[in-house]
Protein chains: 4
Amino acid sequence: MFVLVNLKAYPCDPVAVAEAAADVAEQTDATIAVAPQSADLARVAETGATTYAQHVSPVEHGSHTGSVLAESVEANGAVGTLLNHSEHRRKLADIDGSLDAADRVGLDTVVCANNPEQIAAAAALGPDAVAVEPPELIGTGTPVSQADPGIVEDAVAAAEAVDPSVDVYCGAGISTGDDLEAARELGASGVLLASGVAKADDPRAALEDLVEPLV
Amino acid sequence: MFVLVNLKAYPCDPVAVAEAAADVAEQTDATIAVAPQSADLARVAETGATTYAQHVSPVEHGSHTGSVLAESVEANGAVGTLLNHSEHRRKLADIDGSLDAADRVGLDTVVCANNPEQIAAAAALGPDAVAVEPPELIGTGTPVSQADPGIVEDAVAAAEAVDPSVDVYCGAGISTGDDLEAARELGASGVLLASGVAKADDPRAALEDLVEPLV
Amino acid sequence: MFVLVNLKAYPCDPVAVAEAAADVAEQTDATIAVAPQSADLARVAETGATTYAQHVSPVEHGSHTGSVLAESVEANGAVGTLLNHSEHRRKLADIDGSLDAADRVGLDTVVCANNPEQIAAAAALGPDAVAVEPPELIGTGTPVSQADPGIVEDAVAAAEAVDPSVDVYCGAGISTGDDLEAARELGASGVLLASGVAKADDPRAALEDLVEPLV
Amino acid sequence: MFVLVNLKAYPCDPVAVAEAAADVAEQTDATIAVAPQSADLARVAETGATTYAQHVSPVEHGSHTGSVLAESVEANGAVGTLLNHSEHRRKLADIDGSLDAADRVGLDTVVCANNPEQIAAAAALGPDAVAVEPPELIGTGTPVSQADPGIVEDAVAAAEAVDPSVDVYCGAGISTGDDLEAARELGASGVLLASGVAKADDPRAALEDLVEPLV
């Protein structure tokens, strides 16, 4: 099971969350990745935690001010990247370009989308994984098992029909171990979460509760 | 065979091109659509020509200043729309939203993209057609048969694998009847062209030459 | 006094609103402009109403699919355009480019912004007018006189300091004649409104009430 | 005199350039800032060089995946930021928002623009400095003194008229000490350059030549 903790622009201590993630990951079979601000990538990677960028730009070396170059992200310790998060929607052509950039330096890729049609489209671009973020679950605290679980199953089926090698993650409605278990039963092989860990009083305890079904 | 003449922002007379398109379409089995500036849609539709918008926005009725509402486009005579043209790349989520908007009022949809992976992604969103615009052919005057014809065949295969009901058009490198014939032999069931007709001294003659293989 | 009725993407009858605007404008010294969907510009202009586009693109004649060409808007009867509405925020460079496009064909220009600093910036680009849209007034129905009237006065002062020839309009919190009167007393020489007229059961009566202080 | 070396997405060693910048700055009165990829900010700042971000996002702490949070940039050693570079044009409202974000944590701000009107608009937003990037000079290697020097003088006058406290830098056409001298004579109090140093075989020698007029 893959677990990604997206630190967004939260006022958390990225190193403390990363240290917790690294420790908790050792207690289970799960991979626990942490996606900090790009300026924090190196500090997060130094903890030993699996480190993801929140985005890389669809550019190569060259005159691209303000971009996030895949080579730079990789050189600072990232091993993967999110793309097209619901808070950072990108052009179809640019998602494709960012996937090319990530592939160039060996970053794992997770493309987010919010319904089965877009999940199928994202899968067709050849990422390592797609993450379905049902809009009705984003940021609400509603567990995926209590909202529309069908959308996760439909997303799994949609990605499978296009490219069975693409993993499907559940990108919203995940806070607890029960939510993770529910996502797994719906066919997801990973989960994305954010505030449930990043804004927790005790991120380590939140992560331990989350991965409890995997221990 | 479907032929779409994209008038872009060219300084042509949209009504004259539309009248020529309507007349020439009658002489053949081809559908010849004309895509003018949105403000010109009604005048173009009044000629009897098949009329397309160059874009519709991913919005419903509401507070959306500066958008192109599908309902408005349809009320002014359009029967279809281009989406995601290489000069107007859109977010994946917005292409999906624009397809929903077009479906709501019954507009036919053609989603452009410039390589087989993006064509597969576009096809996964469920449009009526996709149009492959190989970058090396856009605006160069290079005929598709002389440039990389493999990209058209690959696009046809990619769309077919995702959804066989989606038509594939060739969206660049088309000026003459020979080009149209070449596109058809590569598996395309339609072509998009622009300056070859819109900027021709005699648009009617240009269209007649184009559809000559279809008469 | 200048009054602009922004029809946005509302499900109203643009011709009926335009006819009411043309009639009511004759009863007063106010100019009453109507800004419909671009596809509706010609039909609105035919009523004799002062017709505005909701946006024009920063492009010249050429290969620009999906753009709104100033020449096309003007040819279909528009005499002015909004730019940078709060629902259609644009890049600084593109607002400048759209002003150039509008100037090329003689369209009057109203650049929207939502605080005095941005109003000063907009005024520096040399439009005919700027419109301040205090965020706390947009779409709330709160009259400008009851919310923060200081922002309108500050906007008037900010524009005056940069370029005294630029008119300042009040772009939110306007529904009634009292609101228009309040805006005028705060230094605005025009108002923008939308749902108060466009979604009124009787747009003519709504306009008559609005301009009552001007009769 | 202020000198900013923009490393863009170049394949240079950011630490080596920063070390050279820190050393050369000590030999003169100039401030020499280095603007690397955001993931490289901490490593660049550790050299002691004045460190700038290439961009910060118009956001506060919160749910903003893929953004560049001013707090994060500052925590990793940046003391300033570019905004609205010609390769990263932003919405007027977002430049304003990014300036607010930068002010919140005390970052110096340089807003780029490419003609005197946009320079005046940028100055009206209250940055510490504006940088004029005449399009005919960007990336061409043409020295500012040989191209249209009037645009720099006009930019200086335009910013002065709006807010005399805003510095004006010359953001293109700078490679050598002669170019820096020419920019200073045209009224600029700083220069931005990129490939002339970042892609030089010997960045230190390139910087020494650049600041030679200031020693």
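The report below takes the annotated site, then the aromatic rings.

**Annotated site.** This is a predicted model. An unreviewed UniProt entry carries the annotation "active site" for His85(A) and Glu133(A). They spread over 49 residues of sequence, yet they cluster in space, with a largest C-alpha distance of 8.6 Å.

His85(A) sits in the loop between strand 4 (80-83) and helix 4 (92-105) of chain A. His85(A) has a relative accessible area of 5%, so it is buried. Beyond its neighbours within four places in sequence, His85(A) contacts Asn6(A), Lys8(A), Cys112(A), Glu133(A) and Thr65(D).

Glu133(A) belongs to the loop between strand 6 (129-132) and helix 6 (150-162) of chain A. Its relative accessibility is 1%, so Glu133(A) counts as buried. Outside four places in sequence, the contacts of Glu133(A) include His85(A), Arg89(A), Cys112(A) and Gly171(A). A polar atom of the Glu133(A) side chain lies 3.1 Å from the backbone nitrogen of Ser86(A).

**Aromatic rings.** The count over all chains is 8 aromatic pairs. Two of them involve Phe2(C).

| Pair | Centre distance | Plane angle | Class |
|---|---|---|---|
| Phe2(C) and Tyr52(C) | 5.5 Å | 50° | tilted |
| Phe2(C) and Tyr169(C) | 4.8 Å | 15° | stacked |

Phe2(C) in strand 1 and Tyr52(C) in strand 3 (residues 50-53) of chain C are 50 residues apart. Tyr169(C), in strand 7 (residues 167-170) of chain C, is 167 residues from Phe2(C). Phe2(C) and Tyr52(C) are buried, and Tyr169(C) is buried as well. In chain A, Phe2(A), Tyr52(A) and Tyr169(A) form one aromatic cluster.

Terms used. Residues numbered from 1 in each chain as written. Chains lettered and ligands numbered in written order. Predicted model: local features only at pLDDT ≥ 70, side-chain atom pairs only at ≥ 80, totals over all residues. Heavy atoms only, no water. Phe/Tyr/Trp six-rings, centres within 6.5 Å; stacked < 30°, edge-to-face > 60°. Helix = DSSP H or I, 4+ residues; strand = E, 2+ residues; numbered from the N terminus. Buried < 20%, exposed > 50% of the residue type's maximum accessible area, 1.4 Å probe, protein only. UniProt positions renumbered as here; feature names shortened; annotations may be inferred. Contact = heavy atoms within 4.5 Å. Polar contact = N/O pair within 3.5 Å; in protein donor to acceptor, adjacent residues only side chain to side chain.
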